[in-house]
Amino acid sequence: MQKGIYLVVLKIQNRTPYLSGASEHKDGGNMLELGKKQLLRIVKKVKFSIYLAESEEKSEKECAMLSSRQVPKEAKEGTEIEVFLYKGSKGRLIATVSEPKLHLGEVAVLPVLEVSKIGAFLDWGLEKDLLLPFREQTKKVKPGDSVLVALYIDRSQRLCATMKVYHYLKTKSSYVIGDSVEGRVYEISDNFGVFVAVNDRYSALIPKKDAQGSYVVGQKLKLRVTAVREDGKLTVTTKRKAYLQTDEDAKKILEAASAGGRELQFDDKASPQIINQELGLSKSAFKRAVGHLLKERKIIQENGRIKILL
């Protein structure tokens, strides 16, 4: 069943880590790779910058530009420098010796600096901020937010961020059934459940049947691994082990009843929608907890209501 879930999601999102063939900036045979670190040679020095390429035979159009402020004093033509490559505002290939917070195909949590007419701009450690287009957002973001994103190359051959990180998350972890983990919600599906990045790295899903209560993109959760699929993806839940979860659910019922004048306005015959809306519990979990409280004689059910006896 879960295999089908993940296969359908792949079709819906219709994304790849980057456009086929787009990871390389090809110009006259030059192979400069956007979004990656690369060892390049100084082929020309001018007043405020230098030109870098794989070989000295390349023309200026086939080179990346590096600010002279980032060039070691002893560097000269022919010297090799390791740089990260991205595109500037005018589409020029730019090199930097600074270390970005993520590379092509990786995921990281980045702060939102500002929001413009075309999307949000993120701080990824370079002079030019990283664009998160509106179409790549799974929720509306604002300055000050921290968002989990991946780095990809868009159709205009520029590096951009996306919050649709399903294809970028790792699928091989050391976790086993029963492990306690932490995860961050990155997407919510009415059909399948809540998609979570465990430790901001590994692909996981809270199935719809277990996704009771309210969730928001970016929310951090304490989770328990309930299954490890053959492909390494995790199935997780916010629920604790059955006997512990029943105690926790029973406590939630007592707290809600106390806040309502020592009674709830419904009993275990209420609809699943009302139970979930009021308590964030499934009907089966609610009935288990009510049965537990009845057995301990802490509540009674009377006239369609639950009353505290304590």
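Buried residues here are those under 20% relative accessible area, exposed ones are over 50%, and partly exposed ones fall in between (1.4 Å probe, protein chains only). By that scale Phe 266 is buried, with a relative accessible area of 10%.

## About the model

This is a predicted model, in which local features need pLDDT of at least 70 and side-chain atom pairs count only at pLDDT 80 or more, while totals for chains, interfaces and linings use all residues. Residues are numbered from 1 along each chain as its sequence is written, and side-chain values use heavy atoms, with hydrogens and water left out.

## A five-stranded open sheet

Let's start with the strands. Helices (H or I, at least four residues) and strands (E, at least two) are DSSP runs numbered from the N terminus, and two strands pair if DSSP finds at least two bridges between them. On that basis, 5 strands form an open sheet with antiparallel pairing, in the order E10-E9-E8-E11-E12. The edges are taken by strand E10 (130-133) and strand E12 (159-162); each has a single partner strand, so one side of each is left without a neighbour in the sheet. Neighbouring strands of this sheet are turned by 55° against each other on average, direction ignored. The axes behind that angle are lines fitted to C-alpha atoms, for helices over the stretch in contact, and angles run from 0 to 180 degrees between N-to-C directions.

With strand E11 (residues 146-153), E8 pairs in the antiparallel sense over 5 bridges. Along this pairing, Val 109 has Leu 148 of E11 as its bridge partner, and Pro 111 has Ser 146. A hairpin of 3 residues connects E8 to E9.

## Aromatic pairs

Next, the rings. Rings of Phe, Tyr and Trp (its six-membered ring) pair if their centres lie within 6.5 Å; planes under 30 degrees apart count as stacked, over 60 as edge-to-face and the rest as tilted. A search of the whole structure finds 6 aromatic pairs. One of them is the edge-to-face pair of Tyr 86 and Trp 124, at 6.4 Å centre to centre and with 75° between the planes. This pair links distant parts of the chain, 38 residues apart: Tyr 86 is in strand E6 (residues 80-87) and Trp 124 in the loop between E9 and E10. Tyr 86 counts as buried at 8% relative accessibility, and Trp 124 counts as buried at 2%. Together with Phe 84, Tyr 86 and Trp 124 form one aromatic cluster.

Phe 266 and Phe 286 make a tilted pair, 5.7 Å centre to centre with 45° between the planes. Phe 266 lies in the loop between strand E18 (263-264) and helix H3 (272-279) and Phe 286 in helix H4 (residues 283-295), so the pair ties together parts that are 20 residues apart in sequence. Phe 286 counts as buried, at 0% relative accessibility.

Where does Arg 201 lie? Arg 201 is found in the loop between strand E14 (193-198) and strand E15 (202-207). Arg 201 is partly exposed, with a relative accessible area of 40%.

Not counting residues up to four places away in sequence, Arg 201 touches Leu 169 and Lys 170, where contact means heavy atoms within 4.5 Å. The C-alpha atoms of Arg 201 and Ala 108 are separated by 8.4 Å, with the two residues 93 residues apart along the chain.
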